[in-house]
Amino acid sequence: MSRMFDEQWQRKRQRKFEAALWWYNAAVKVALEWTDLRRDGKESGAKRIRRHLRGHPAVFHNHYRLNPSNFRILCDELKARGLECTGDVTIEECVGMFLQMVGQAHTMRILAENFQHSEETVWRYIRRVMSAILRMQRDYIKLPGPDAPIHPKLREGTDYYAFKDALGAIDGTHIAAFPDSHEDFKERWRNRKGNMIQNVMAAVDFDGRFVAVLAGWEGSGHDSLILRRAVEQGFTVPEGRYYLVDSGYANTHQFLSPYRGITYHLAKFRQRRIEDRYENGEELFNHRHAQLRNIVEKAFGILKGRFHLLKDMRAYKYDFQTDIVIACCVLHNFLIRHPNLDHDTEQFPEDASSDDDDDNPRTSGIESMAGSSRRSDGERGSELRDKIRDLLWNSRCSDGQT
């Protein structure tokens with residue numbers, strides 16, 4: 001009798017368990033149908049990508065911020081670097097999700113609708129694409145070596161020949177950020193305008209390629225302090241070469257800044273007549289310096305214009321936000337290495353400028369970056385700057401343009 005009772009009790013318990021499991025599965029299914037936008041009967045993500053690839057290149061560019069030919073090259077390169085997509089998700093879908101996230105600033109919910117996958121699936125494959133792009137960093141973002149050739153823009157016979165040893169330009173820019181630190185520490189990311197941003201320092205060569213990127217610095221951090229941190233972390237300048245920087249940095253033989261208190265901004269020079277443009281050699285130096293250093297401003301402008309997420313960042317983990325910046329710089333260099341009709345580059349003139357300079361005060365305290373132990377660096381920087389000034393002014397005088 002007792003044995004029969006135990007069997008009935010076990011069967012009853014089993015039925016209750018099966019009923020509970022059925023209701024659980026039904027609840028999960030209903031929740032997915034209501035919260036997961038992929039169950040709306042639209043075309044699959046794979047079909048969507050194929051349709052866009054067969055369509056007009058300009059339409060594809062509007063969706064993914066690069067052209068179909070470059071998209072295929074990128075997919076092949078990421079696949080070669082270990083990107084794997086399993087199940088019913090193709091490589092093209094994975095890359096398309098990532099490009100729409102950084103290019104259009106789409107949320108996971110919108111991407112789930114566009115590609116007909118769950119938000120968890122979209123997020124998982126976006127992280128895979130991110131990891132693969134970051135593995136490209138070593139090949140696409142690298143400092144020039146001591147044997148770096150003189151850029152064609154700086155060769156003899158050009159207006160910039162006196163700067164022939166320059167490797168590029170350095171500056172910082174502000175990227176919207178959502179720091180996940182304690183409230184007391186979040187104020188470090190607030191700039192003078194009250195916005196939460198991360199300060200990104202980058203070195204750019206004269207082709208507009210990023211050769212070094214330091215992302216994730218607090219918005220209140222000064223550009224000169226970030227440069228010092230970059231040097232501590234391995235940023236090197238070959239002997240006899242230098243980068244152009246603005247007046248927010250200390251002038252040294254490796255980081256050449258303009259003369260202070262002298263006209264510098266390009267707009268002010270354009271307002272003058274050509275014959276009255278320069279009063280002395282310092283103004284001529286500053287104008288040529290500004291024209292060359294503008295390449296870093298233009299690179300930042302193209303980067304933010306192409307990847308809208310940099311201006312409308314989402315509340316991801318902060319490490320992921322900094323990885324997004326680096327990944328966008330890698331893609332920027334990828335598009336320069338694989339040139340094609342890129343609509344973004346047509347939107348930015350040669351004298352593009354940035355408003356970020358106004359966010360960091362240019363105080364005299366930044367001279368402490370060099371410090372007493374580096375006084376010789378400052379002296380060598382002044383000698384180099386004066387030498388270039390004299391070369392420019394003497395060349396102008398010899399041409400009868402004084």
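Visitor: What makes His332 part of a helix, and which helix is it?

Guide: His332 belongs to helix α13, residues 318-337. Helices (H or I, at least four residues) and strands (E, at least two) are DSSP runs, numbered from the N terminus. This is a predicted model, in which local features need pLDDT of at least 70 and side-chain atom pairs count only at pLDDT 80 or more, while totals for chains, interfaces and linings use all residues. Residues are numbered from 1 along each chain as its sequence is written, and side-chain values use heavy atoms, with hydrogens and water left out.

Visitor: Why is His332 called buried?

Guide: Buried means under 20% relative accessible area, exposed over 50%, and partly exposed in between (1.4 Å probe, protein chains only). His332 has 4% relative accessibility and therefore counts as buried.

Visitor: Which residues does His332 contact, leaving aside its neighbours within four places in sequence?

Guide: Contact means heavy atoms within 4.5 Å. Beyond those neighbours, His332 touches Gly208, Phe210, Ala299, Ile302, Leu303, Arg306 and Phe307.

Visitor: What is the place of Gly208 in the hairpin of β2 and β3?

Guide: Five residues lie between the two strands of this hairpin, and Gly208 has a positive phi near 85 degrees there. Two strands pair if DSSP finds at least two bridges between them. Strand β2 (residues 197-204) and β3 have six bridges, in the antiparallel sense. Within this pairing, Ala202 is opposite Val213 of β3.

Visitor: How many residues of β3 are buried?

Guide: Eight of the nine residues of β3 are buried, and the strand is mostly covered. Phe210 is buried because its relative accessible area is 1%.

Visitor: How many aromatic pairs does the structure hold, and what makes the pair of Phe210 and Phe300 tilted?

Guide: There are 12 aromatic pairs. Rings of Phe, Tyr and Trp (its six-membered ring) pair if their centres lie within 6.5 Å; planes under 30 degrees apart count as stacked, over 60 as edge-to-face and the rest as tilted. Phe210 and Phe300 are 6.0 Å apart centre to centre, with 45 degrees between the planes, which is a tilted pair. Phe210 is in strand β3 (residues 210-218) and Phe300 in helix α12 (residues 281-306), so the pair ties together parts 90 residues apart in sequence. Phe300 is buried because its relative accessibility is 5%.

Visitor: Why is the pair of Tyr259 and Phe285 called edge-to-face?

Guide: The ring centres of Tyr259 and Phe285 are 5.3 Å apart and the planes stand at 75 degrees, so the pair is edge-to-face. Tyr259 is in the loop between β5 (255-256) and α11 (266-270) and Phe285 in helix α12, 26 residues apart. Tyr259 is buried at 12% relative accessibility, as is Phe285 at 0%.

Visitor: How do you know that the charged end of Arg385 sits over the ring of Tyr259?

Guide: A charge sits over a ring if NZ of Lys or CZ of Arg is within 6 Å of the ring centre and within 35 degrees of the ring normal. The charged end of Arg385 sits over the ring of Tyr259, 4.4 Å from the ring centre. Arg48 likewise lies over the face of Phe115, at 5.9 Å from the ring centre.

Visitor: What is the mean pLDDT of the chain?

Guide: The mean is 81, and 79% of the residues reach 70 or more. The term pLDDT denotes the predictor's confidence in each residue, from 0 to 100. Over residues 33-39 pLDDT stays under 50.
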